[in-house]
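Subject: Structure handover

Hello,

Here is the structure I said I would pass on. My notes on what was found in it follow below.

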Amino acid sequence: MKKNFLFIVSILSIIFSSCKFGMYEFLFNEESVDSRADEIRELTAQEIPSFEADEEQYTFVMITDVHTGSDDFYKNDDDFLKWFSSLFENSDQTKHPKFFISLGDNMDTGREYKEYNEFLEKMKYIVKSKTGREDFKEYSVLGNHDLYYNGWENFKDHIFPYCSAYHFSDGTFSYYFLDSANGTLGQKQRNEIEDKFSMDLKPKIILTHCPFYFPTTNASNMIFKMQDTAERNWILTLFAKNNVRQIFAGHVHDPHHYGYGKFSENALGAFKKSYWYLVTVNKNLNAVTLIEN
């Protein structure tokens, strides 16, 4: 039975690999990315972290595939929060996280937005109790699990910043949060990326759920990357030409790194496997460093 399933997946992956949408969309598509990400919204000054003009570096915390509501989430949430709290005990304040990013599958089925927001509130409480700050920002990328059971309606109504594609700048780096929850960026979002990049010369950090590339070691993991090779080649070429320095993605649950010459892509390990990360951004050196807990 298992061999038959893997054979079918292999054949369908080959069939769909050259189509507009890939195997992932065939199996799991519940929403159209073009209906969600028709623009990449620029966040307002009130919606972004407080960056200082003279700061040389800062850090932020990043996790992926939280799956709030699943049994796995509740095995790890306390350990993560203890680790998060310990970061503010460092005497070097540049090591205190400035903000938080989750790279998708924040909810296990798209229904647990209340539980997910409660989890985020616990982080805000820690920051306030440790530092007195009330401006800690938490950014969430849309993942495929967040779409299940019409989850997009919950996401856009309840999960900050209430959209699936957006960007902001720290004055040196630009952050682009892209919607790849269906395994494709879609034509409208691709147009938006090209347009935004044409007016933005800053080095760029890309945050998204589905990795652009993932090594295919067996038929069952063929779906865990962008299936449309033409789209993938186009976007990676655009990144190389427009000063992208780093891609961070989730979805695959195990950490992987790929170098593209001018930039790198890191697919992060999943929250349920006790992976959480501290990222250091050095604005003077234009450098981004990922540290696994």
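The model has an open sheet of five strands with mixed pairing, in the order β4-β3-β2-β11-β12. Strands (E, at least two residues) and helices (H or I, at least four) are DSSP runs, numbered from the N terminus, and two strands pair if DSSP finds at least two bridges between them. β4 (137-140) and β12 (287-292) are the edge strands, each with a single partner, so one side of each has no neighbour in the sheet. On average, neighbouring strands of this sheet are turned by 25 degrees against each other, direction ignored. Strand β3 (residues 97-102) runs parallel to β4 and is joined to it by four bridges. F100 stands opposite E138 in β4.

Before the rest, a note on the source: this is a predicted model, in which local features need pLDDT of at least 70 and side-chain atom pairs count only at pLDDT 80 or more, while totals for chains, interfaces and linings use all residues. Residues are numbered from 1 along each chain as its sequence is written, and side-chain values use heavy atoms, with hydrogens and water left out.

Two helix pairs come next. The axes of α4 (residues 71-87) and α5 (residues 113-131) come within 10 Å and cross at roughly 20 degrees; axes are lines fitted to C-alpha atoms, for helices over the stretch in contact, and angles run from 0 to 180 degrees between N-to-C directions. That makes α4 roughly parallel to α5 (under 35 degrees; over 145 is roughly antiparallel, 65 to 115 roughly perpendicular and the rest oblique). Contact means heavy atoms within 4.5 Å, and among the residues of α4 that meet α5 are F73, F80 and F84.

α8 (residues 186-198) and α9 (residues 229-241) pack at about 15 degrees, with their axes 11 Å apart. Therefore α8 is also roughly parallel to α9. G186, R190, I193, E194 and F197 of α8 make the contact with E231, W234, I235, L238 and F239 of α9.

Finally, the charged pairs. A search of the whole structure finds 15 salt bridges, each a side-chain nitrogen of Lys or Arg within 4 Å of a carboxyl oxygen of Asp or Glu. In one of them, E55 pairs with K283, with the closest N and O atoms 3.6 Å apart. E55 lies in the loop between β1 (41-42) and β2 (57-63) and K283 in the loop between β11 (277-282) and β12, so the pair ties together parts that are 228 residues apart in sequence.

Regards
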